[in-house]
Amino acid sequence: MRGLAARAGGWSARHRWAAVGIWMLFVLLAMGLGSAAGRADVNDSDQLKGETHTAARIVEDAGIEGQASETVLIQAKDDSGPKATDAAFKTAVGAVVAAVEKTGEVTAVTSPYESGTISKDERSALVQFDIRGDSDTAGERIEPVLNAVADVQKDHEALRIEEIGGASMTKTFDEAFGDDFKQAEYSAVPVALGILLIAFGALVAALLPVALAITAIMATMGLVNLVSHIQPMSDTANSVMLLVGLAVGVDYCLFYLRREREERAAGRDAQTALRIAAATSGRAIVVSGVTVCVAMAGMLFTGIAEFQAMGLASLMVVAVAMVGSVTVLPALLSLLGERVEKGRVPFLRRRRTSGSTESRFWSAVLKRVLAKPVVSVVVATGALLAVAAPAIGMKTENLTLDQEFGDSLAIVQTYNRVNDAFPGGSEPAEVVVKADDINAPEVKAAIAEFRERAVSSGASRGPVDVKLHEEQNLAFVHVPLVGGSDQDKAGASLETLRDEVRPATLGKVDGLEAPITGQVAGNKDFNDQLVGSVVPVFAFVVVFAFLVMLLSFRSLTVAVTSIVLNLLSVGAAYGILVAVFQHGWGASLVGAEGSARSSRGCRCSCSRSCSVCRRTITCSWSPGSVRHGCGAVRHGTPSSTVWSPRRVWSPAPRSSWSPCSGSSGRCRCSR
């Protein structure tokens, strides 16, 4: 890989205009083709496997357009307030029904006196309806309905009248948090540019990595659109791709540019500096880029469409950024020459001093570590294992509203009130019943028996309602689960429905399908898929990362050490995530509460890619790499770990490095 990177950099430096032209043509061509092809997004039916996938596929094949369902909670504010049987309560219910119907935006409005959605204490009732049109855009049309409900609330002070549902939640969350990811995307470039300005102290040098990263992202966006017709993508994958692309694009260019500038500062001519940078930093970029791509490819084994999209998009942007860093960057550096120092920031100007100017902090740390290596290994390993310990109790799940947002939003309080009055009512299980003839006597009898047993088994307290689609021979049975927002209790209720109630009722009808879906079911299917993918993802990433390191450095010791350190680092990362997000230790410091949500497979791939990448850079940075023992370690680690504006070093010739010797393999380098 050293030869490949060196040859690529050398060719680009000699044919600089051709290299820049080819890169720009590639970016424009990828963008043009991608724009023409458009992007194919992940379908709801492909998001998860298991029964959730089966149910979504049945609905999709039937051509039933899902509508956003809304619920209005009408509840006495205290024990002395009106009950559902009182005239004032009935008047409020009638006012809500009339108000939402008047907007013209709703359909299938159901009064609680018709559906039986009245709490046992008769102090709460639910008016239910659907929003007309496409559910994906329902949040954009919900405001007139929300205003109508708010107007009814003003006329009934003794009651609490609040709306909740898919459309209203979408609107609320978009207003509260919808711009967060965009702000992260928009702020990433200025933040990166600011850091590079501090690192280089020159505007042109700082702009180079950012510009190259942006062009790599633009090209990848086009390529992602093309690939999406084979592997569907999503907005989330696009956002992750953008942030990962900016990170690695800037990172790789930073290593290359740093080395080239340091070689020139050491007195070498421009061409020699570029050749050295290509053979050292260029090689490190190729090795680390391949490693990151392999690690990201591990997400393809999760079987979860969203993660597969994120993994593939991230893999592609890393590959494009890697190619750009070892080809067009040397061409630009050759074109700019001394002009790369243009736009110096006076107060950030580096102070050049004679002698060794490596990072004082890391040099001091390494001096102590290398003085007592065994003690250092034991202490560091023990510390990492201690930090990783909380990961043993890791629990993954999709968070409920109250877990994810606390009580920061009014709609979350409404969600909790609905769950308290109607356990499971806000997140019911949905049984999608498909039969050859949905009106057949045996099918109707099975559905009726299922409704009865769902309550008698203790899985639900009711009411269990049924919505027929006779033309498509489908029926939707909604079952409020005992446990409500408590995922463990609701999960137990779901298992009762799937393992006991369904086989004894719907399961007896030949040719009938009845997958059970919903929020709780989706959470279970997600975790089952996730747990099943952990071993394949870990095995793939570990084996291929080991092979990449072994082939790159031709040292079994380096490869094994890298993997061991990698596993310790990933374990420590898991431990911190579980400690903060699951156990809540220090959660208030980052504004996070609830259970660890993200995927183990996703974190494994991302964490390992970054971890191995850092070790690759450290091993590749120094002339002679690991072949020269402690001298290389002492020189390479502070050089590759931190960038100090005060530091300009000149690598010593290979002849001045003292390799370790001795049959015992112990280091005999002078200190």
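Axes are lines fitted to C-alpha atoms, for helices over the stretch in contact, and the angle between two of them runs from 0 to 180 degrees between N-to-C directions. Two packed helices are described by this angle and by the distance between the axes. The model shown here is predicted.

Start with the overall picture. The protein chain has 24 helices and eight strands. Of its 671 residues, 50% count as buried. Among contacts in the chain with a separation of 6 or more, 76% are between residues 24 or more positions apart.

An unreviewed UniProt entry annotates parts of the chain as "transmembrane region", including residues 20-38, 191-219, 239-257, 311-336 and 530-551. Two of these spans can be described in the model. Residues 191-219 are 93% helix and 0% strand, and the C-alpha atoms at the ends of this span lie 22 Å apart. Residues 530-551 are 100% helix and 0% strand, with end C-alpha atoms 31 Å apart.

Now take a pair of helices. Helix 10 covers residues 235-265 and helix 12 covers residues 305-326; their axes come within 8 Å and cross at roughly 25°. Angles under 35 degrees count as roughly parallel, so helix 10 is roughly parallel to helix 12. Helix 10 passes helix 12 in a right-handed crossing. On the helix 10 side, the residues that meet helix 12 include Thr236, Val240, Val244, Gly245, Val248, Gly249 and Tyr252. On the helix 12 side, they include Glu306, Ala309, Ala313, Ser314, Val317 and Ala321. By class, this contact of helix 10 with helix 12 has 16 nonpolar, five polar and one charged residues.

A second pair is helix 2 (residues 16-37) and helix 13 (residues 328-336). The axes of helix 2 and helix 13 come within 8 Å and cross at roughly 135°, which means that helix 2 is oblique to helix 13. The crossing of helix 2 with helix 13 is left-handed. Helix 2 contributes Arg16, Trp17, Ala19, Val20 and Trp23 to the contact, and helix 13 contributes Val328, Ala331, Leu332, Ser334 and Leu335. Sorted by class, the contact of helix 2 with helix 13 has eight nonpolar, one polar and one charged residues.

Helix 20 and helix 21 cross in a right-handed way. From helix 20, the contact uses Phe538, Val542, Ala545, Phe546, Met549, Leu550 and Phe553. From helix 21, it uses residues including Leu556, Val558, Ile563, Leu567 and Tyr574. The classes in the contact of helix 20 with helix 21 are 14 nonpolar, one polar and no charged residues.

Is Leu494 buried or exposed? Buried means under 20% relative accessible area; Leu494 has 0% relative accessibility and therefore counts as buried. Which residues does Leu494 touch, leaving aside its neighbours within four places in sequence? Leu494 is in contact with Leu481, Ile516, Val520, Ala521 and Lys524. Ala521 is 27 residues from Leu494 along the chain, and the C-alpha atoms of the two are separated by 7.0 Å.

How values were computed
Residues are numbered from 1 along each chain as its sequence is written. This is a predicted model: local features need pLDDT of at least 70, side-chain atom pairs count only at pLDDT 80 or more; totals for chains, interfaces and linings use all residues. Side-chain values use heavy atoms; hydrogens and water are left out. Helices (H or I, at least four residues) and strands (E, at least two) are DSSP runs, numbered from the N terminus. Angles under 35 degrees count as roughly parallel, over 145 as roughly antiparallel, 65 to 115 as roughly perpendicular and the rest as oblique. A crossing is left-handed if the near helix is turned anticlockwise from the far one by less than a right angle, and right-handed if clockwise. Contact means heavy atoms within 4.5 Å. Ala, Val, Leu, Ile, Met, Phe, Trp, Tyr, Cys and Pro count as nonpolar, Asp, Glu, Lys and Arg as charged, and the others, Gly among them, as polar. UniProt positions are given in the numbering used here, feature names are shortened, and annotations may be inferred rather than shown by experiment. Buried means under 20% relative accessible area, exposed over 50%, partly exposed in between (1.4 Å probe, protein chains only).
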